[in-house]
Amino acid sequence: MAGEWTLGIESTAHTFSFGLVDGEGKPRPSASDTIRPSEGGIHPREAADHHVELSTTLFSKILEDNDLTPSDIGAIAYSQGPGMGACLRTGAAAARTISTHLNVPLIGVNHCVAHIEIGREQCGCDDPILLYVSGGNTQVIARLDGRYRVLGETLDIGIGNMLDKFARKHGIPFPGGPVIEKKALEWLKENPNPSLEGLELPYAVHGMDLAFSGIMSAANKLVSNGKPFEAVCWSLQEHAFAACIEVAERALAHTGKTEILLGGGVACNQRIRDMSSIMCEERGASSHCPPRMYCIDNGTMIARLGWLELNHGRTTSLLQSGIDQELRTDQTPISWP
Ligand code: AMP
Ligand code: MG
């Protein structure tokens, strides 16, 4: 007899991760590993090789960490998209293999929706506006009529990708976001009353949409023109995060919703968390953010969404189990409360 645990496999980009939820959908921390290229950005094929090499070790680890055997697993969920094709295929292949071997259902899920559902589960919020700020994605999302709709999004690169590229240009390896946060804090420590004068950057909010490549070029120019690197890191965060918070606030105003939920790797940043809290406080709303291990890409959120889908009658046949690099947030029907 199959067990009651749902296993989740995440492999959309640089992270390969297994996670679990129990029979009630309660999450357990993931077993993950992230490829950190010594230079340049993520090469999809190298990331895929990394994922394949680590899959057996991480699978054993998640079982050992939770004192389980394969027979305790009753369903396998995996990220079906969006993401890098070569990376997605490794997770899908692992999922098909384990599901066929154990003879348990397979559930291909939407990675972006998984960020929302783990956040709702962790923070106990009901009907939030999701501000999804990650490496590859920047979207403001709200649930309306059985779908998570994208109300606004980046028109060029993801905010995390922008931070990583800016950092890389100045010799900081991937992931650059956490280092930029540290540098900005150093600047604040030396300048308790900082001014944006001379550090202004373009502020690209287009209606409900955002853009980040112009702000990155302008930040690079400030550094070339001799502005202290720490000061530019601070200014870059202030401008880029304020743009995201502005769109999220407009989404609250348009929809009448009263909760913001942060998700994605950039939501690990304390400054964007604080900005969101301040904005929400000012308009009588509430701001929520899951623990950092559930902001970054993780298998547990995939397991959680797989569990929800399974409990509402959806599984994925082998024939339908192909990956979809371009899967959109609003393509996935949401049938659970
Ligand atoms: P994800 O794509 O959701 O796995 O998140 C990875 C992205 O989050 C990368 O672009 C990182 O630079 C970014 N990131 C992680 N921690 C932080 C942080 N503390 N501040 C800003 N960005 C971060
Ligand atoms: Mg993600």
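**Domains.** Before I write down any domain, I note that domain bounds come from an automatic or database domain assignment. On that basis the protein chain is divided into domain 1, covering 5-116 + 295-331, and domain 2, covering 127-292. I also keep in mind that this is a predicted model. I looked up the distance from domain 1 to domain 2 and found that their C-alpha centres lie 27 Å apart. To the contact, domain 1 gives 18 residues and domain 2 gives 23 residues.

**Helices α4 and α7.** Next I looked up how helix α4 (residues 159-169) packs with helix α7 (residues 229-255), and I noted an angle of about 170° with the axes 12 Å apart. Because angles over 145 degrees count as roughly antiparallel, α4 is roughly antiparallel to α7. On the α4 side I listed Ile159, Met162, Leu163 and Phe166, which meet a set of α7 residues including Phe229, Val232 and Leu236. Sorted by class, the residues of this contact are 11 nonpolar, with no polar and no charged ones.

**Helices α5 and α7.** I then turned to helix α5 (residues 177-190), which packs with α7 at an angle of about 110°, the axes being 7 Å apart. This makes α5 roughly perpendicular to α7. Among the α5 residues in the contact I wrote down Ile180, Glu181 and Trp187, and among those of α7 Phe229, Glu230 and Trp234. How many nonpolar, polar and charged residues does the contact of α5 with α7 have? I noted 8 nonpolar, 1 polar and 4 charged residues.

**Aromatic rings.** I reminded myself that a pair of aromatic rings is described by the distance of the centres and the angle of the planes. The structure holds 3 aromatic pairs. In one of them, the rings of Phe18 and Phe59 have centres 5.5 Å apart and planes at 45°, so I recorded the pair as tilted. Phe18 sits in strand β2 (residues 15-21) and Phe59 in helix α1 (residues 44-65), so that the pair links distant parts of the chain, 41 residues apart.

Phe166 is buried at 0% relative accessible area, and Phe229 counts as buried at 16%.

**Backbone.** I wrote down first that most residues other than glycine have a negative phi, and most peptide bonds are trans. The bond from Gly81 to Pro82 is cis, with omega near -5°, and Pro82 lies in the loop between β4 and α2. Another cis bond joins Phe174 and Pro175, with omega about -5°, and Pro175 is in the loop between α4 and α5.

For positive phi values I looked up Asp67, where phi is near 55°, in the loop between α1 and β4. Asp145 has a phi of about 50° and is found in the loop between β7 and β8. Asp67 counts as exposed at 73% relative accessibility, and Asp145 counts as exposed at 76%.

Key
Residues numbered from 1 in each chain as written. Chains lettered and ligands numbered in written order. Predicted model: local features only at pLDDT ≥ 70, side-chain atom pairs only at ≥ 80, totals over all residues. Heavy atoms only, no water. Axes fitted to C-alpha atoms, helices over the stretch in contact; angles between N-to-C directions. Helix = DSSP H or I, 4+ residues; strand = E, 2+ residues; numbered from the N terminus. Parallel < 35°, antiparallel > 145°, perpendicular 65-115°, else oblique. Contact = heavy atoms within 4.5 Å. Nonpolar A, V, L, I, M, F, W, Y, C, P; charged D, E, K, R; others polar. Phe/Tyr/Trp six-rings, centres within 6.5 Å; stacked < 30°, edge-to-face > 60°. Buried < 20%, exposed > 50% of the residue type's maximum accessible area, 1.4 Å probe, protein only.
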